[in-house]
Amino acid sequence: MTSPILHLSTEELWSALDDINPVDVLVEQLIGGAGWTAEGQLHPWPEVGSIPSAELAMYEESCTGAKCLIPVSSLRQVRAAALATLAARELLAPGVVTAAVLGSGLAAQLQLTVLAKHVSDVSHVAVCAGNDGGWSPVEPRVLDQLDLAGIGLSVTSGVNEAVLGANLVIATDAGLGRLEIGQLAKGAVVINAGGVDLPDAVVDGVDQVYVDDASLLDENSHRYFVTMHRAAQNSGLHRNGRKLKGWHRRRLIEADLGALLSGSHAGRQRLDDVVLVELLSTNLPDAHLTARLHRAALDRGLGMRVSGS
């Protein structure tokens, strides 16, 4: 006898997100460290019947055996939005937050949603899709969330216009690596969730660099900021900012989010420092976040039951 599997669409996943705090879920993981274990497992989903295998994963709860099919790309975008919001909360200087979200589609919409709910003191957010012609208007549910939080919204096609004066800049789209971001405000936090390098000038111009998970540096050795980090290590450049001949503001990676949360690293050193956060783990399977979304979906009666084994 086969057991039914709950199949969640992207829309249903988004609805389930309303009932959990994804930032707190990630804090649990990052503080738990190597000894932390998830409540279930994610498995690749083989194509069965009319359900395509592409971009689907199956979550299986350890204690009950309950199963859930979830869209992988949407789960990754939820995780990326939560990681960006967590980084912002840890590294923003105290005061009013003016944000710029660079990107389009679901990634940008989810970022706006999580930002509005879980970052305090945001007064305004400017959204810029760059040259992406696929940009869709901000979803009504996102507009409602922004209104509820008292956050003003503007939509622009110019990156420089969006970034001007912003002390929080979040790049959500892999295609944004080619965009010129322009002059960053003093004290700005720039979060790269796109998985590709931002322009070299942006990386070279920041004062501090952080990552979400330092254990993933070796897997990202091709990235520009990791190359600079390794070169600085080999050349003996220290965190006091001492410059070497021929180098331009190339610094070691300060720490990861786990170190900030545990207090082993103090975080931002000066209020005027421009800080870059590179998110490396957005593509990792996240069984713990899936577990919370699965439970929220069950409580809301979301999803479609399909046959399984």
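Cysteine 68 counts as buried, at 0% relative accessibility, where buried means under 20% relative accessible area, exposed over 50% and partly exposed in between, using a 1.4 Å probe on protein chains only. Cysteine 128 is buried too, with a relative accessible area of 1%. The model is predicted, so local features need pLDDT of at least 70 and side-chain atom pairs count only at pLDDT 80 or more, while totals for chains, interfaces and linings use all residues. Residues are numbered from 1 along each chain as its sequence is written, and side-chain values use heavy atoms, leaving out hydrogens and water.

**Strands**
- Strand β6 (residues 122-128) pairs with β5 in the parallel sense over 6 bridges; pairing takes at least two DSSP bridges.
- Across this pairing, threonine 98 stands opposite histidine 124 in β6.

**Side chains**
- The structure has 0 disulfides, each being a pair of cysteine sulfur atoms within 2.5 Å.
- Arginine 141 has its charged end over the ring of tryptophan 14, 4.3 Å from the ring centre; the criterion is NZ of Lys or CZ of Arg within 6 Å of the ring centre and within 35 degrees of the ring normal.

**Confidence**
- Mean pLDDT (the predictor's confidence in each residue, from 0 to 100) is 85, and 84% of residues reach 70 or more.
- Over residues 238-249 pLDDT stays under 50, and the model has 19 contacts there beyond four places in sequence, a contact being heavy atoms within 4.5 Å.

Conventions
Helix = DSSP H or I, 4+ residues; strand = E, 2+ residues; numbered from the N terminus.
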